[in-house]
Amino acid sequence: MSTLLEEMSATALRLGIPLGVQLDLTYRCNERCVHCYLDHNDQGEMNTAEIKDLLEQMATAGVFFLTISGGEILMRRDFFEIVEYARGLMFCVKLKTNAVMIHEAEADRIQALVPESVQVSIYSHRPEVHDAITKLPGSLKKSLAGTRLLVERGVKVIFANVLMRDNFQDYSGVQALAAEVGARYTVDPTITPMMDGDRSILNLNIERAELEQVFRDSSLLGTSAEEFCAPPSGALAEEDAMDTLPCSASHTFCYVSPYGDVYPCVQFPLPTGNVRTTRFIDIWKHSPQMNEVRSITVNDLPVCSTCSHSSGSCTRCPGLAYMEGNMRGPSSQDCEKSYARTGVVTAGMMARHGAKSSIGLVHIQGSLKPPFVAQANLSQL
Amino acid sequence: MSHVYVARAKEVAARMVGGELMILSARDSKLFSLNETATLIWEGADGATPLSEIVDQRICGGFEVDRAVAFRDAEEVVEGLAQHGILKVSNLPIEETP
């Protein structure tokens, strides 16, 4: 499947097809998670007719993978009507929910809609920890009840476990819980800034040592820790950097908010247009902001193009970089991840600490003895 | 064969990407790429039109192909798609379609 998927993605990239879209139906939510980046007040959501029209436009534009998220998607009274319409248009639908509002009837309807998967947010196997994060008493019990109803019906459920300081120690418990109820498990060790740019919630991020632990836990990786945490092989050659794209945002993927605003990605709040005034395909093809994002190759990144991680161990998110003030700059959170993963300091870390002249040295030493280099350069920071 | 009806399974997602019909089966998350003949059959698989009519109209009508060969190929395609849960096959018209 991966080969065919890669071929399809390459075709979409070549032809400028928005293969995947995340559509948030609402920012309203029945939980108040401490790390959430959304403003939960309704600022004028698209109505049912507007969303159906948007779905038709997206189907015509070639969108195949449709992630329907929120807020809590079941807060929309027309949720099932919307998903039924989307499935009628033959989208591959993935749902993101906390499952609190999923009872027998809702589980039956979701099963009938045959989503590709349902992702459920679970923060801990301990109610006191999970409920303290969601600020909804009894939420873990309800989320698990909803999950079980879906799993009983053969729906593929994935537990999404965002890690932060308050629940880091519980991830193995959530893994065990997922196995017990028949769900799959995915972990996300990154807290992202609020959509309005407020970065205060980043204080919830786990510590560097904890990140290192996550990246060395073979039960989370799906590959060997040795391979995953191998030191970077050096900066991309210039000709490769010219052709290498930072990520799929604006290339084969975009995000649409409940208010019709279109962004390169859910994590990249650069306004590119609104489907209430401009057709989706016109925003996708002609928005100057979309085109600016898709014009950027690794070669255009002044700091990252020189970084030894750019050849593979970097997971730089241009949206996080944008929220730090420069979409062509490094993302400090991703630099942290690359460092935690490999033990080799990134060019972005060096640049932030005014030690740009040492970047070349990192490359040379990093290929010889990564652990030593990491310690040596850290002492300079 | 004149009594065979085919319908698109509701468990799948589908989209034409670069002129190629891509189908994803939610049953096992497998992705398929359909060739031209299979795409024509998929498009005609409304549950109400007999397979023989789909072949006559969409394949024999558009290509220089021997009718018997076209029918035989179509049966093979349908069997393969049905095995993967992409098409439903019945000797009676199939009412429920996505």
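**Briefing: chains A and B of a predicted model**

Chain A has 381 residues, and buried residues make up 46% of them; a residue is buried if 20 or more other C-beta atoms, placed from the backbone, lie within 10 Å of its own, exposed if 12 or fewer, and partly exposed in between. The model is predicted, so local features need pLDDT of at least 70 and side-chain atom pairs count only at pLDDT 80 or more, while totals for chains, interfaces and linings use all residues. Residues are numbered from 1 along each chain as its sequence is written, and chains are lettered from A and ligands numbered from 1 in the order in which they are written.

**Chain A overall**

- Chain A has 18 helices and nine strands; helices (H or I, at least four residues) and strands (E, at least two) are DSSP runs, numbered from the N terminus.
- Of the contacts in chain A between residues at least 6 apart in sequence, 68% join residues at least 24 apart; two residues are in contact if their C-beta atoms, placed from the backbone, lie within 7 Å.

**Helices H2 and H3 of chain A**

- The axes of H2(A) (residues 48-61) and H3(A) (residues 79-88) come within 10 Å and cross at roughly 20 degrees, which means that H2(A) is roughly parallel to H3(A).
- Axes are lines fitted to C-alpha atoms, for helices over the stretch in contact, and angles run from 0 to 180 degrees between N-to-C directions. Angles under 35 degrees count as roughly parallel, over 145 as roughly antiparallel, 65 to 115 as roughly perpendicular and the rest as oblique.
- H2(A) and H3(A) make a right-handed crossing; a crossing is right-handed if the near helix is turned clockwise from the far one by less than a right angle, and left-handed if anticlockwise.
- Thr48(A), Ile51(A), Lys52(A) and Leu55(A) of H2(A) meet Glu81(A), Ile82(A), Tyr85(A) and Ala86(A) of H3(A).
- By class, this contact of H2(A) with H3(A) has five nonpolar, one polar and two charged residues. Ala, Val, Leu, Ile, Met, Phe, Trp, Tyr, Cys and Pro count as nonpolar, Asp, Glu, Lys and Arg as charged, and the others, Gly among them, as polar.

- His130(A), Asp131(A), Ile133(A) and Thr134(A) are buried in H5(A) (residues 127-134).
- These residues cover an arc of only 160 degrees around the axis, so they lie on the same side of H5(A); the arc is that of the directions from the helix axis to the C-beta atoms.
- Helix H6(A) (139-152) is included in what covers the buried residues of H5(A).
- Ile206(A) lies in the loop between strand S6 (184-188) and helix H8 (208-215) of chain A. Ile206(A) counts as buried because it has 22 C-beta neighbours inside 10 Å.
- Leaving aside neighbours within four places in sequence, the contacts of Ile206(A) include Leu163(A), Phe168(A) and Pro189(A).

**Where chain A touches chain B**

- 17 residues of chain A are in contact with 15 residues of chain B.
- H1(A) (2-15) and H3(A) each supply at least two residues of the side of chain A that touches chain B, and H1(A) gives the most to that side, with six residues.

**Helices of chain B**

- Ala38(B), Leu40(B), Ile41(B) and Trp42(B) are the buried residues of H1(B) (residues 36-44).
- The axes of H2(B) and H3(B) come within 10 Å and cross at roughly 115 degrees, and the crossing is right-handed.
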